[in-house]
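Here are my notes on this one, as numbered points. Have the structure open while you read.

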Amino acid sequence: MTGVGLKTVEEIKAAIEGAVPGASVKVMPNASPSGQHSLLLDTEHAIQVAEFLRDDKDLALDFLSNVTGVDWLDKEIAEKVKVTRQVSKPVEGGEPGQVQMVEETVEETRKHVQPGFLEVVYHLFSMAKKHGPVVLRMRTENRTDRVELPSLTPVWRSAEFQEREVFDLFGVVFQGHPDLRRILMWDAFKDHPMRRDYVDPDDFEYEPTAHDEVLKRAQQHNEKQGLAT
Amino acid sequence: MAVDENLKIELGKQGVFVTTIQELYNWGRRSSVWPMQFGLACCAIEMIATTMARYDLARFGAEVFRPSPRQADMMIISGTVTKKMAPQVVRLYNQMAEPRYVIAMGACAISGGPFKQGYNVLKGIDRYIPVDVHIPGCPPRPEALLQAFITLQKKIDAQPLTGEGRPRHLDANAPGEFPVPEQGEHDLEPAANKNVWTVPTIIQ
């Protein structure tokens, strides 16, 4: 964490956990040269934590500069696990057909799906202390039906439009937001265009200089229409 | 044209002025094409520059930008037409009185431009309303807009008052209103007005 006079993320984490009982804060390290490590908040205590960060004398994070979203898809993870199991084997030197059970250790590849989630990132600065940024994150439970997160608009007013944008483009529902409507797309619009599985409208009927991805989409469009490419 | 061009010049030298109703009528129309005061994006800045003293669109009789579509003769689509804005553009065009003309200014207005593959930008306003002059450029320079305006004036000048190719206000059967697209759940509906725009044939 850079910034004059600003505590490290570990110190901020300790300060939060000291001030807000029950709050669990996880430090998300950032390995890049910028070293902007972030703090993952639990959704239950997020509002209290935000109020603490804003009102604390040393931190005084009075300015919310940016709110954005990240879409994390379901991830398939393959693990190699050692498993012991019973295998029937013919008995050596025994009568034909005679078997015995033998324990054998084998390596098995197990796959499991790590469910995806939506993440919201907040960048905080202090105008009074001239330090920052402190990066906060919050995660939804999944990408489909449990997409609620507490709104931080009651704490920082500047979150209002940016949370509306995250709602519009990612589909995160901010509870406690004073006016949660779409801000860029029209109200009847159903999709969330910044989600990674968003499929944009198939309007590739006229592509005079198509190449790469556009060429592929134009060909698919023409095939669907029964036209020669 | 009823009057021979050379004869007209000869007569002019003798102090005799000969004209036709059509010529007089079109001269009047093309010399006071009032644009609508309406800008969509960065091309609008170039449009504003065109009207100012350095480029001076007033030389061509188009200096009076009207804040109401009822008083305007020409719409300059100056900039990116988003799918959220497109119904309003078509609605404004519908509210203009005939004869009315459209200049699509810049890459976005004619094709979607750099945002063509985006989910929220219309791939050219000519999908919903008839466009008279297209200007490429990102943004086009004021000279290009002047060129487009002169092209439009030539087009108006060449319009006969009767028969094929006459302006829409003299043709009772010409469509006066263009359907405003609906903002649907995924895209504008319909994606194009089939009476105005058909998929162009690509010749390679």
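This is a predicted model: local features need pLDDT of at least 70, side-chain atom pairs count only at pLDDT 80 or more; totals for chains, interfaces and linings use all residues.

1. Three strands of chain B make an open sheet, ordered β1-β2-β3, with parallel pairing. β1 (74–78) and β3 (133–135) of chain B sit at the edges, each pairing on one side only. From one strand to the next, the twist averages 15°.

2. On the pairing itself: β1(B) and β2 (residues 101–105) of chain B are joined in the parallel sense by five bridges. If you want a spot to check, B:M75 has B:V102 in β2(B) as its bridge partner. Helix α3 (residues 43–51) of chain B packs on this sheet, where it touches β1 and β2 of chain B, and its direction is at about 130° to that of β1(B).

3. Then there's helix α6 (residues 142–157) of chain B, which lies across β2 and β3 of chain B and runs at about 165° to β3(B).

4. Chain B is assigned two domains, domain 1 (1–30) and domain 2 (33–160). Their centres, taken over C-alpha atoms, are 31 Å apart. Four residues of domain 1 of chain B and seven of domain 2 of chain B make the contact. On the domain 1 side, that's two polar, two charged and no nonpolar residues.

5. Over in chain A, helix α2 (residues 46–55) has A:A46, A:V49, A:A50, A:F52 and A:L53 buried. These fall within an arc of 160° seen down the axis of α2(A), so they line one face of the helix. They pack against α1 (9–19), β2 (38–41), β6 (117–126), β7 (131–139) and β8 (148–150) of chain A.

6. Finally, the chains: 14 residues from chain A meet 14 residues from chain B. The chain A side comprises nine nonpolar, five charged and no polar residues.

Terms used:
Residues are numbered from 1 along each chain as its sequence is written. Chains are lettered from A and ligands numbered from 1 in the order in which they are written. Domain bounds come from an automatic or database domain assignment. Two residues are in contact if their C-beta atoms, placed from the backbone, lie within 7 Å. Ala, Val, Leu, Ile, Met, Phe, Trp, Tyr, Cys and Pro count as nonpolar, Asp, Glu, Lys and Arg as charged, and the others, Gly among them, as polar. A residue is buried if 20 or more other C-beta atoms lie within 10 Å of its own, exposed if 12 or fewer, and partly exposed in between; C-beta atoms are placed from the backbone. Helices (H or I, at least four residues) and strands (E, at least two) are DSSP runs, numbered from the N terminus. The arc is that of the directions from the helix axis to the C-beta atoms. Two strands pair if DSSP finds at least two bridges between them. Axes are lines fitted to C-alpha atoms, for helices over the stretch in contact, and angles run from 0 to 180 degrees between N-to-C directions.
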